[in-house]
Amino acid sequence: MKEEKKSGLDAVDEGPVSSDVSRAEHSGGQADAGEHASVAALTEHFGSAVVRHRVYAGDQHVLWIAPEKSHEILSWLKSDPDHQYDMMSDVTAVDYGNGRPINVVYQMFSTVHRRELRIRCELPLDALEIDSVVDLWKVANWLEREVFDLFGVTFKGHPDLRRILMPDDYAEGHPLRKDFPLRGRFSRAEQTRRALNQDVERFYRPEDLSAGHTPQQVADVEVGTLASDDAEGDA
Amino acid sequence: MGLKDILPGGGTSATTGGILGMGSPTFLTSRVDFIVNWGRRNSLWPMPFGTACCAIEMMASAASNFDLARFGMERMSFSPRQADVLICAGRVPYKLAPVLRRVWDQMPQPKWCISMGACASSGGVFDVYSMVQGIDTIVPVDVYIPGCPPRPEGLIYGLMMIQEKIRQESLTRHFEHRAEEPGLVAQPRASDIEVAELSGAFGNSTQQDQLSDGKTVRVASTSEDL
Amino acid sequence: MAQRTIDLEVGRGREMGVDGNPALSPIAPFDIAEPDMSTEHMLINIGPQHPATHGVLRLVCELDGETVKSVVPDIGFLHSSFEKLGEYRSWNQIVTLTDRMDYLAPLIYNCAYVMSVEKLMGIEVTERCKVVRVILMEMDRIFGHLLWLGTTAIDVGAFTPFLYSFQQRERIYTLHEELTGARITTSATRVGGMMADLPEGWTESLSEFLDTFPDTLAEVHHLLTGNQIHIGRTQGIGAINREDAINYGFTGPNLRAAGVDYDLRKDRPYYDYETYDFEVPVGQHGDCYDRYLCRMEEMQQSVGILRQALDRLPDGPINVDDPNISLPSKTDAMSDMESMIHHFKVITEGIPAPEGDCYLGIEGSKGELGMYLVAEEGDTKPVRWRVRPPSFVNLSVIPKLAEGHLVSDLIMINASLDIVLGEIDR
């Protein structure tokens, strides 16, 4: 679905513009691998797993890598003494819309070498799965949960992958996707009803609180049913 | 000059309903009203349900510069069981809605509610999937204070309006003032149609016209549509 | 980067009195072994409506008596989907959203956001604008730390510092209002400059504030720093070591209290911070007490930076001279045809961005505040606006910090992390 991009006064009410699939992907940004030591070393070490390299905003180096190798590459970046990215500043995702793959973004910084680097992995919409990096950086725990909550990306190997910002039984989908409308999918009355029907105590039992457990399985709530309609209800 | 001329309202209830007449105030009830309302309005214990920026302005009102203590409200009661007026300060998302409703239900009568700020009154800047578009869909509100955030003077003005509202209450209308149906505990305050009307569609940033069962509707005419 | 420690004459032993001599501690030493009673673990729920959670935060605790066995923070009770809203707003319209995220230090968010947009677009702001933004950011650093101070003290039971800190905050509120018209939701910056230049007499008011503020800070120091009760409640509580602090993503005073000398103003400087003369307090033990000391000293250092910035404030335009970015003045727009056209275009079409993405981290009052923007060629709205909130990451460490401590210590740890739920839940 190609939307015409409006401009000027017509664009005042315009929602987020989904990108054209036909537009050249990531065409801007000169790529000069020589300026960033990690980029050069990565390209040398991992070869074809490095898909693309761009430089944006003057000095921001961004590398696209193959998602299958993401854990291996990130682990190498953390442990290799020439790079040592010990600080994971941010894990997030970008949805361009219009069927384009969702990019998972890792923003990293090395306190030892004082370098920052951004790594992106493109995940096609029918295979939104990537390895979790919680074993490398504990900070990724909540950051990946947020990406799961808002985009629907599954992180394999995450100890506790469940929603974090939305209620656990949120049935409208993943909010930050481009095909999710701003005001949600249900009517306001339905949202109010569902909100007041929530039983906030249902999500925690003493057995669930030990760290690294298998999270309490909340039954997949189908769109159109209320969570309390499900037969499995433990108090 | 008979009794009818000096008693308020012609004293009809005094002649028909007894001293504590039902319906219209009598001399005795208006004196009792005066004392009771004076006591209530000058010692309101607020229940600060502060969520966001408005909560900071509420804290600033309670601090030395604006000082709610001169209104008798420095005892911010964090337990709803001991509170009189619920000040909902800040935006309330749907995840927080049952908590707000439960806190309101836990407050004993007589109780009043202030919706402080634009977000609590109508959703404010946040016409989004997660935000309650006005807490009056969830709890009955007595005073709305506009502002983003309202200045402490604004909050104080709102509190004075509550005091005025209390001043005008009467024991003879007790059931009206304190009406609360037990069956409505934890139910939305406004009916489905009212909620839909309050957050009606406007602009094309809405794109939200789908019901939870997949049917599409533009305007809700009956509650079955919702 | 030399490690700097704060030299204070305060003993760390629990039997140590204020003046260094042994004293009878009112708080029992906490190494008495509790008899092991076979009891069930208790599940309690703190929040989301609670005076001491500093916002709508829910902490589900599993307790063994009074000791916390595990705690699970439950967030999302203030989720206002700023990031999605940002996709529907043009670059300048998002500035108003940024105040409402960290409402304790709104100018820092305003500045951080437009700095990131300017970096993405390759806009260089004027010298005056740089110094003004440094002034506003440091002023709001004090602003945010003062609220932390007041609420943490009140959590520990000390009511007086709360009133003192709010009184000082009122003075900063007045400065906010003189500059922008609003006390909290300032929205003072725009892409390419500021909403308005400093009004007359504003710098004098700020100077006056700086003259008397350190006295209040000294008073609060006197009340809390050597206070036996405060020490008993904060020393040794919620400690974390260096490697864990970095791995768990701590930034800001929390990280520095653990002994890591990392301050974005020194290590990835922006706006000529390397030319200002200030020190960065670094702690040793990583516990609540060190975090307290770090923040108190940071306020003091901010006063120094503000004085230097006020001295070097240059004259000149506050906004970039490019008519495609900054709005021309109303006088020009009303008299000159070209200016009117530029005004019209900037308002209706917005400012087009180049293709790319930009992550800019600055030292906010809570830690590393990162703004990540993604845009396509010619976009007047971001494809993605992501805020890397320092409090989100700081809060995620609470399960690790609080295990084994008492419930009252959990409250203290929560307070010492300096969280603001607006930016956690966004």
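In chain B, strand E1(B), helix H4 (residues 53–62) and strand E2(B) make a left-handed β-α-β unit; a crossover would be right-handed if, with the strands pointing away from the viewer, the path from the first strand over the helix to the second ran clockwise. Helices (H or I, at least four residues) and strands (E, at least two) are DSSP runs, numbered from the N terminus.

This is a predicted model, in which local features need pLDDT of at least 70 and side-chain atom pairs count only at pLDDT 80 or more, while totals for chains, interfaces and linings use all residues. Residues are numbered from 1 along each chain as its sequence is written, and chains are lettered from A and ligands numbered from 1 in the order in which they are written.

Let me stay with the strands. E1(B), residues 46–50, runs parallel to E2(B), residues 85–89, and five bridges join them; pairing requires that DSSP find at least two bridges. Pro46(B) is placed opposite Val85(B) of E2(B). Five of the five residues of E1(B) are buried, that is, 20 or more other C-beta atoms, placed from the backbone, lie within 10 Å of their own. Pro46(B), Pro48(B) and Gly50(B) point one way, and Met47(B) and Phe49(B) the other.

I turn to the interface.

Finally, helix H13 of chain C, residues 337–348, should span 16 Å, because its 12 residues are counted at 1.5 Å each, times one less than their number. Its end C-alpha atoms are 17 Å apart, which agrees. Gly350(C), with a positive phi near 90 degrees, follows H13(C).

How values were computed: Buried ≥ 20, exposed ≤ 12 C-beta atoms within 10 Å, placed from the backbone.
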